[in-house]
Amino acid sequence: MYRPLDVDTIIDYVREHPMAAEHVNTDGEFESVEVGDGNLNLVFKVFDRTSERSLLLKQALPYVRAAGEDWPLSPERAAFEARALEIEHRYAPGLVPEPYWFDEVLMLNAMENLGDHKVIRFPMMEAKRYRDLGATIGDFLARTLYATSDFALDAADKREIMQGFFNVELCRITEDLVFTEPYLPDAPRNRWNPRIDDDVADFQADDQLKAEAAKLKYRFMNFGQALIHGDLHTGSIMANDHDVRVIDPEFAFFGPMGFDVGAFVGNLFLSAASHEIHSRDPDRRLDYRRYLLGEARAAWTTFEDGFRGRLAEVSSPSWGSRAFQDDFMHSVLQDTAGFAGCKMLRRIVGFAHVADLDSIEDLDERARAERIAIRIGRELVSSHARIASFDDVLRIAGDALEVSHG
Ligand code: SR1
Ligand code: MG
């Protein structure tokens, strides 16, 4: 029967689970710690002190952890995560944690514990740089999105895989929190810094912005291009000095590819905006912002090159036309821009914020950073259908961040 585990019962669970012996000495001396810092789940690290091996176990709670039991949410999301992680690991081994087993009773995924990797959002607040961050994410996206698209899969096979990804509840969260509530003046779950009241009222009264956001929402709901991660912000990436991994695919479903690319790019821009305050020294700030914009460019170019390279080998004659391929990549680029903007605005006005900005204690200072992010987010959403190249995306961000994009 389902029951939430704790730091003691997780050890009993590991000792008794038949799969655990492949990864740790189940007769060993265990220590455990709960390290979940996301909005939804329990995350345990269990260390076997006799063999120095370890496991990571992620258990879905029957509610939204960040909100409490008043916001119920089926723990079945762990099953979506299990299916998505297995597919990501098949097509991008080494870029995600290795899945070990899924427990469908406890709604728990056991996987590789990534040694000294950290969730990158927090070190990036201290201007940490990661080797090949953007290129690795671009590679992950090219691999996973291509492999689960109509270009790589027979139509019947794709539809069969899609049956396992009607991720209704988590898509609903995204539809509400990303695309709907930030644009409504009276949505009860919205919260924002009171110092930006006027900025929020202004964008919530912008009919053109709201129409573009509605188009993006409709696309999110109706454009099952590929199996997307669905929540690829900088809290879903762990890294150390030589290795970058994508974690937490519980929001996975068949959706528009640009949603994933845009989530990553938008979160780099949120970080860049937050360095208005985190980096007091103007030279260091400029330097770090250049780094972040460079990683955004690397993500896009690696994704585009990787995707185009695979498309060049496509077997179906339907997709071989160069004009079709150019048009396809252009539409993913425009989606990337629009979704990046939506993902930025929702982190300032919606229910779930980001530590990059919320850690800035002085509300006037936070407002300075937030206004930069709002300017980028609004422009990306409003103009996404006019974006011609990734330079346009970088120009929008660079103008607000006072970084020349070239
Ligand atoms: C209620 S969950 C809030 C947010 O956390 C996740 O990381 C997703 O981004 C979701 O929108
Ligand atoms: Mg997550």
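**View 1. Phe151 is buried in this predicted model.** The relative accessibility of Phe151 is 10%. Its ring forms an edge-to-face aromatic pair with Phe324, with 6.0 Å from centre to centre and 70 degrees between the planes. The two residues lie 173 residues apart, and the pair links distant parts of the chain: Phe151 sits in the loop between H4 and helix H5 (155–162), and Phe324 sits in helix H11. Phe324 counts as partly exposed, at 28% relative accessibility.

**View 2. Ring pairs join a cluster of aromatic residues.** Phe151 and Phe324 belong to this cluster, together with Tyr146, Trp300, Phe303, Phe307, Trp319, Phe328 and Phe390. The structure as a whole holds 23 aromatic pairs.

**View 3. Trp71 and Phe351 form an aromatic pair.** The ring centres are 5.0 Å apart and the planes stand at 65 degrees; because an angle over 60 degrees counts as edge-to-face, the pair is given that class. Trp71 belongs to strand S5 (residues 68–72), whereas Phe351 is in the loop between helix H11 (322–349) and helix H12 (355–358), 280 residues apart. Trp71 is buried, with a relative accessible area of 15%, and Phe351 is buried as well, at 18%.

**View 4. Helix H4 (residues 133–147) crosses helix H10 (residues 282–311).** Their axes come within 7 Å and cross at roughly 30 degrees, so H4 and H10 are roughly parallel to each other. The crossing is right-handed. Among the residues that make the contact are Leu141, Leu145 and Tyr146 of H4 and Phe303, Phe307 and Arg310 of H10. The contact residues divide into twelve nonpolar, four polar and four charged.

Notes:
Residues are numbered from 1 along each chain as its sequence is written. Chains are lettered from A and ligands numbered from 1 in the order in which they are written. This is a predicted model: local features need pLDDT of at least 70, side-chain atom pairs count only at pLDDT 80 or more; totals for chains, interfaces and linings use all residues. Side-chain values use heavy atoms; hydrogens and water are left out. Axes are lines fitted to C-alpha atoms, for helices over the stretch in contact, and angles run from 0 to 180 degrees between N-to-C directions. Helices (H or I, at least four residues) and strands (E, at least two) are DSSP runs, numbered from the N terminus. Angles under 35 degrees count as roughly parallel, over 145 as roughly antiparallel, 65 to 115 as roughly perpendicular and the rest as oblique. A crossing is left-handed if the near helix is turned anticlockwise from the far one by less than a right angle, and right-handed if clockwise. Contact means heavy atoms within 4.5 Å. Ala, Val, Leu, Ile, Met, Phe, Trp, Tyr, Cys and Pro count as nonpolar, Asp, Glu, Lys and Arg as charged, and the others, Gly among them, as polar. Rings of Phe, Tyr and Trp (its six-membered ring) pair if their centres lie within 6.5 Å; planes under 30 degrees apart count as stacked, over 60 as edge-to-face and the rest as tilted. Buried means under 20% relative accessible area, exposed over 50%, partly exposed in between (1.4 Å probe, protein chains only).
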